[in-house]
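Visitor: I would like to go through this structure with you, one question after another. Please show it to me before we start.

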Amino acid sequence: MDIVLITAPVSRPCEPPAGLAKLSGILKDHGVEHLVIDANLECLLHLITSGEPLHAQDTWTRRSARHVEKNLRSLRDGTAFGNMGAYIKAVTELNRILEVRSKSHGVHVSLNNFTHMRRSPVKSADLLHAAEHPEDNVFYPYFLKRLQALLEEHAPGYLGFSLNYLSQVLTTFAMIGQAKILSPGTKILLGGGLVTSWMRGPMKTNTFAGLVDEIVDGPGEDRLLSLFRGETPSRISLPEYGGFQTRDYLSPGSIIPLSTSTGCYWGRCSFCPEKSENTRYCPVPGGAVVSLVRHVLKKHSPALVHFCDNALSPSIIASLAREELPSPWYGFAKIIPELADPDLCSSLKRSGCVMLQLGLESGDQGVLDKLGKGIRLETAAHVLKSLTRAGIATYVYILFGTPEDCVGAQKTLDFVSRHQEAIDFLNVSIFNLPRYSHDAANLTTFDFSEGDLSLYQGFVHPAGWDRNRVRQFLDKEFKRQRSIARIVRQDPPFFTSNHAPLFAKR
Ligand code: SF4
């Protein structure tokens, strides 16, 4: 076996990991012998179904333990999606089991996060500690046996770990440490979106040399093919999902993640890592997108397609709108004038589009201009209305604490409130300043964590609109506004945008 590719917990266990599916397709096409392991799904299910007994716990926990099988089944057969109350009960009870079983290990594990009480995922010393003491990790009983069996049965030359979220970091390093103990000769590769950001920011060289044999900066397919075949990808490969246990994910039917590009065609938003890291935009060539999508749908007949592009480009949106795809789909789109066209929106609906994720960020035109969003508010209003009229749900992202002040924040509140009928779901977050963004040079900045791998830093807001004031505004005004509170309540807990289209479909 050439390589086993692994993704560690915790990320939302609702669909196969897009990056590994893509790599698996390319490796298969080029005859590289490999396996893919979604250790995220496996570890979470193990902790939910096979951890220590819970009969001595409180009533809620005991009830949650009794309902485990029923709740897993209801998420997989779709009955939990019949109404939001049933869904919330199912996911909060499953989450309760994770919380209780992880607490005794000094960590907080949920269906979408992993936080350690004492160790930080952005401190390289803590990562090395996790690798030196894998037995401390809450998932150790599972990954020890899994790695043992894997190494004995397949004797891979390489283990490749894909690391995309902070919530995966400490367990990824614990698994790497354990793999090194079990098989010191097996080479370790470490790649993924978060690792790429580290390499383009705080970690210029391999900080983990001796533990990690090679860090892969950027898309892994180039490096893997040059390693195993001495070539670069020369043709478009279909993602491969066959190596994943698609029936085990906590979603009704299989959800297939699919990308038609890497990077972002716009790439100009001042706060976005795609800009500060100078990520190159590489789309699948125009004509090939539709045949790629059609091939994947024919082969897998998914219940839902999740386009994982940072933003579907206008030309891809136009291509998709000309199709009638056999599976519903959703994904991120930039707010562009074309989407205000009712005919295009109707065509998108016919093509299977059930939801678009839209990064509006602010309801203040001056702020949008400063952020380089390239969005006009009047266009945004038309886009929301046209999508809603066509029956496409809108999942809108708002960002507070940017160059706005309290007046700008109030304008955002007013905009959301005025267009509440055309906003189905709302994601509200507070701005983090990327450490390496061009804007950081003009601000007074400070470290808000001791982590040498931190990608963000604190800053003194020029208008005094700091995180505390933003938080107060959100809690005391924004989320208390009745129309906004109603939208916020519609967001599926833990799985948010991943499960939102399943409610939108109804
Ligand atoms: S459209 Fe989205 S992904 Fe693209 S630069 Fe702006 S924020 Fe980043």
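Visitor: In which sense do strand 17 and strand 18 pair?

Guide: This is a predicted model, in which local features need pLDDT of at least 70, side-chain atom pairs count only at pLDDT 80 or more, and totals for chains, interfaces and linings use all residues. Residues are numbered from 1 along each chain as its sequence is written, and side-chain values use heavy atoms, with hydrogens and water left out. Strands are DSSP runs of E with at least two residues, and helices are runs of H or I with at least four, numbered from the N terminus, while pairing requires at least two DSSP bridges between two strands. Strand 17 (residues 445-446) is joined to strand 18 over 2 bridges, with Thr-445 opposite Phe-459, and the sense is antiparallel.

Visitor: How are helix 1 and helix 10 oriented relative to each other?

Guide: The axes, which are lines fitted to C-alpha atoms over the stretch in contact, with angles running from 0 to 180 degrees between N-to-C directions, come within 10 Å for helix 1 (residues 18-29) and helix 10 (residues 220-229) and cross at roughly 30°. Because angles under 35 degrees count as roughly parallel, over 145 as roughly antiparallel, 65 to 115 as roughly perpendicular and the rest as oblique, helix 1 is to helix 10 roughly parallel.
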